[in-house]
Amino acid sequence: MTAFLLNDWDDGPAVATPPAQAPAPSPAPMADLQAGILESRAPIGSSTMPAGEQALARTLAQPTAGLSLAPINPEDKRVVNGKADINQLAPFKYPWAWEFFLNANRNHWTPLEISMAQDVHDYNHKLTPAERHVFENVLSYLTTSDILAMRNIGLAVMEKMSAPELQIYQARQVYEEALHTWTYQHCIESLGLNQQEIYNRYRVVPQIHGKIALANRRLNAVLESGKDLTDRDALHEFALAYLFFAGVFEGCWFYNGFTPIFALQRRGLMKGAAEQLQYIMRDEVLHCAFGIRVVRQLLQEENLTLDPAALRRMWDEAEAAESAYAGYILREPILGYNADLHRGQFRFIANRRARQLGLAEPFPGAENVLPWLDEQANLRKEKNFFETRVTEYQTGGALTWE
């Protein structure tokens with residue numbers, strides 16, 4: 001009889017199972033082990049005992065009677081201010097959060113899987129100056145935005161969630177934001193762009209800086225550590241900030257932000273970069289859907305109603321920042337795309353996010369001025385099978401997303 005060891009993942013011969021050995025002696029009772037450890041060490045507090053061993057010895061010396069805990073009740077879990085054990089995953093109260101995590105793992109990819117060879121030729125020989133201006137500035141905005149998103153989720157939001165199934169998906173989200181940053185860096189390196197110049201644009205171009213500055217200001221309520229979310233005013237501020245992050249920053253600005261590159265892709269230009277943005281778009285739509293679900297759950301659990309005036313200010317500020325940004329990156333229209341289309345599509349997507357949040361549409365009557373965008377973003381590939389990685393069929397084909 002043979003068995004495989006962990007490193008025998010190739011097609012080589014199996015490694016024989018070693019002959020059976022005499023069973024090991026039964027382990028000593030915990031009390032005996034504790035006594036043995038304590039007796040073999042210098043007295044607690046002795047200068048000869050390392051600090052780490054002193055801490056272990058004190059722990060083992062504590063009485064263990066009465067330390068058993070009652071099983072958790074999943075109904076004690078909450079989005080914030082929960083009373084259940086944060087270290088115990090199941091039973092789930094939010095099984096949908098676990099499904100988000102599983103779904104996200106089906107969209108696993110890296111930028112190295114996508115060739116940028118044709119993009120190098122397109123950038124140097126086919127793009128007009130106006131098209132290069134659009135491409136570079138979209139890339140400049142995205143590089144900064146994904147780092148902001150990564151820090152916001154990893155350093156601020158996760159610590160305030162009190163159900164582990166929520167935190168586990170957000171841990172995956174942190175990884176994906178880092179992956180997106182790698183993707184933009186891969187594009188910059190592949191095209192030979194000046195990294196310092198691209199990365200610094202958000203600091204020197206007012207229209208790019210304006211969006212980042214607005215996001216930083218609105219997310220301060222999330223980033224503030226130790227915020228008392230049992231206070232209703234603080235809870236309202238947190239909910240509004242998280243809504244902005246999920247519904248506007250990721251749900252509108254990211255979704256709309258890729259569109260100029262997709263407009264180039266529709267004309268057969270910069271297809272490698274656009275394909276990578278399609279993968280990122282798939283991630284970001286899941287991020288947005290998850291965040292919206294969390295916000296709705298939070299409002300329901302806490303019986304919280306968001307201030308309509310505060311919501312109106314949020315939408316108006318987001319539109320103003322996006323409008324200024326569109327006027328800069330599309331100061332000269334490119335074939336098939338211009339600043340007015342970009343602004344109009346922002347309003348249409350903002351209405352979609354508001355409906356998903358159960359809120360009134362902020363821009364009534366806004367029309368879908370880019371009906372091709374949703375289909376373009378869906379990553380429907382038509383490739384020669386032998387030129388396409390098998391992972392594209394395994395992960396992409398298994399994935400469902402909103």
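These are my notebook entries on what I looked up in this predicted model.

**Ground rules**

I number residues from 1 along each chain as its sequence is written, and the model is predicted, so I keep local features only at pLDDT of at least 70 and side-chain atom pairs only at pLDDT 80 or more, while totals for chains, interfaces and linings use all residues. For side-chain values I use heavy atoms, with hydrogens and water left out.

**Entry 1: the whole protein**

I began with the overall make-up and found 16 helices and 2 strands. For helices I take DSSP runs of H or I with at least four residues, for strands runs of E with at least two, and I number them from the N terminus. Next I looked at burial: buried residues make up 49% of the 402 residues. Buried means under 20% relative accessible area, exposed means over 50%, and partly exposed lies in between (1.4 Å probe, protein chains only). I also looked at contacts, meaning heavy atoms within 4.5 Å. Of the contacts with a separation of 6 or more, 75% join residues 24 or more positions apart.

**Entry 2: the annotated sites**

Which residues does UniProt list as "binding site"? The unreviewed entry gives Asp146, Glu177 and His180. These three are spread over 35 residues of sequence, yet they cluster in space, with a largest C-alpha distance of 6.7 Å. I note that UniProt positions are given in the numbering used here, that feature names are shortened, and that annotations may be inferred rather than shown by experiment.

I then took two of these residues in turn. Glu177 is found in helix α6, residues 164–191, and counts as buried because its relative accessibility is 0%. Leaving aside neighbours within four places in sequence, I find Glu177 in contact with Asp146, Ala149, Met150, Glu250, Glu284 and His287. His180 also lies in α6 and is buried, with a relative accessible area of 0%. Not counting residues up to four places away in sequence, His180 touches Trp109, Asp146, Ile280, Asp283, Glu284 and His287.

Where does UniProt place the feature "active site"? The unreviewed entry puts this feature at Tyr184. Tyr184 lies in helix α6 and is buried at a relative accessible area of 1%. Beyond neighbours within four places in sequence, Tyr184 is in contact with Leu139, Leu142, Thr143, Asp146, Phe258, Leu277 and Ile280.

**Entry 3: α8 against α10**

How do I describe a helix pair? Two packed helices are described by the angle between their axes and the distance between the axes. The axes of α8 (residues 206–218) and α10 (residues 232–257) come within 10 Å and cross at roughly 155°. My axes are lines fitted to C-alpha atoms, for helices over the stretch in contact, and angles run from 0 to 180 degrees between N-to-C directions.

On the α8 side I listed Lys211, Leu214, Ala215 and Arg218, which meet Leu240, Ala241, Phe244, Phe249 and Trp253 in α10. The residues of this contact divide into 7 nonpolar, no polar and 2 charged. Here Ala, Val, Leu, Ile, Met, Phe, Trp, Tyr, Cys and Pro count as nonpolar, Asp, Glu, Lys and Arg as charged, and the others, Gly among them, as polar.

**Entry 4: helix α12**

I followed α12 from end to end: its 31 residues (271–301) reach 45 Å from the first C-alpha to the last, close to the expected 45 Å. The expected span is 1.5 Å times one less than the number of residues. α12 is mostly covered, with 27 of its 31 residues buried. Just after α12, Asn303 takes a positive phi of about 50°.

Tyr325 lies in helix α13 and counts as buried at 1% relative accessibility.

Tyr337 sits in the loop between α13 (308–329) and α14 (339–356). Is Tyr337 buried or exposed? Tyr337 is buried, with a relative accessible area of 1%. Tyr337 and Ala263 are 74 residues apart in sequence but 6.6 Å apart in space, C-alpha to C-alpha.

Lastly, I looked up Arg352 in helix α14. Arg352 is buried, at a relative accessible area of 18%. Not counting residues up to four places away in sequence, Arg352 touches Tyr255 and Asp374.
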